[in-house]
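This report describes aromatic ring pairs and strand pairing in one protein model. Please keep the sequence and the structure in view while reading.

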Amino acid sequence: MTSINIYSNIIGIDKLYNIDHEFDWNKISGLFSIKYDIIFNNFFEQSSQVVLGLIYSLSITQSYELKVIFSDVCNFRLNNIGNQLIQISGFEIQDKIKDGWLNPRFLVNDYEGDIFSFLCNSIEISSVEKSTLF
């Protein structure tokens, strides 16, 4: 199974494959913004949403800023942040549907630095732009 099939349930995943045909979450190298909101979903129920600003590094000189929206977030945990770009060395998204999970579906975390971890039901790659941070 190719990685594009593994992540086919992530809205906008093609934006990442357009910049890197060998796309891998392990190329996420930094976190530059976090936004947490309570919104109303399509059923007018309160729902939590997290928007992460992430750095995707293709090389030392070429990187992209990703805006990724995570919806229906629960068990949100955040550790050790402040005053600088947060380095990430082990970003992962696990689709837990193969393990029988339906709600929440995804586990998102930084397994190396333990900076954040949460569960969510949907993921959208909202934007991908050349980085101006480096």
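## Strands and aromatic pairs

In this predicted model, Ile-38 stands opposite Ser-48 in S2. The strands S1 and S2 run antiparallel and are joined by eleven bridges. Together S1 and S2 form a hairpin with five residues between them, and Phe-44 in the turn has a positive phi of about 60°.

Strand S2 (residues 46-57) is mostly covered, since ten of its twelve residues are buried. S2 also pairs with strand S3 (residues 63-71) in the antiparallel sense, over nine bridges. In this pairing, Tyr-56 stands opposite Tyr-64 in S3. Five residues lie between S2 and S3, which form a hairpin.

The aromatic rings are considered next. A pair of aromatic rings is described by the distance of the centres and the angle of the planes. A search of the whole structure finds nine aromatic pairs. Two of them are set out below.

| Pair | Centre to centre | Angle between planes | Type |
|---|---|---|---|
| Tyr-36 and Phe-76 | 5.7 Å | 35° | tilted |
| Phe-91 and Phe-116 | 5.9 Å | 55° | tilted |

Tyr-36 in strand S1 (residues 28-40) and Phe-76 in strand S4 (residues 74-78) are 40 residues apart, so this pair links distant parts of the chain. Tyr-36 is partly exposed, with a relative accessible area of 43%, and Phe-76 is partly exposed at 29%.

Phe-91 lies in strand S6 (residues 91-95) and Phe-116 in strand S8 (residues 116-120); the pair therefore ties together parts that are 25 residues apart in sequence. Both Phe-91 and Phe-116 are buried.

Ring pairs also link residues into a cluster, among them Tyr-17, Trp-25, Tyr-56 and Phe-118.

Notes:
Residues numbered from 1 in each chain as written. Predicted model: local features only at pLDDT ≥ 70, side-chain atom pairs only at ≥ 80, totals over all residues. Heavy atoms only, no water. Phe/Tyr/Trp six-rings, centres within 6.5 Å; stacked < 30°, edge-to-face > 60°. Helix = DSSP H or I, 4+ residues; strand = E, 2+ residues; numbered from the N terminus. Buried < 20%, exposed > 50% of the residue type's maximum accessible area, 1.4 Å probe, protein only. Pairing = 2+ DSSP bridges.
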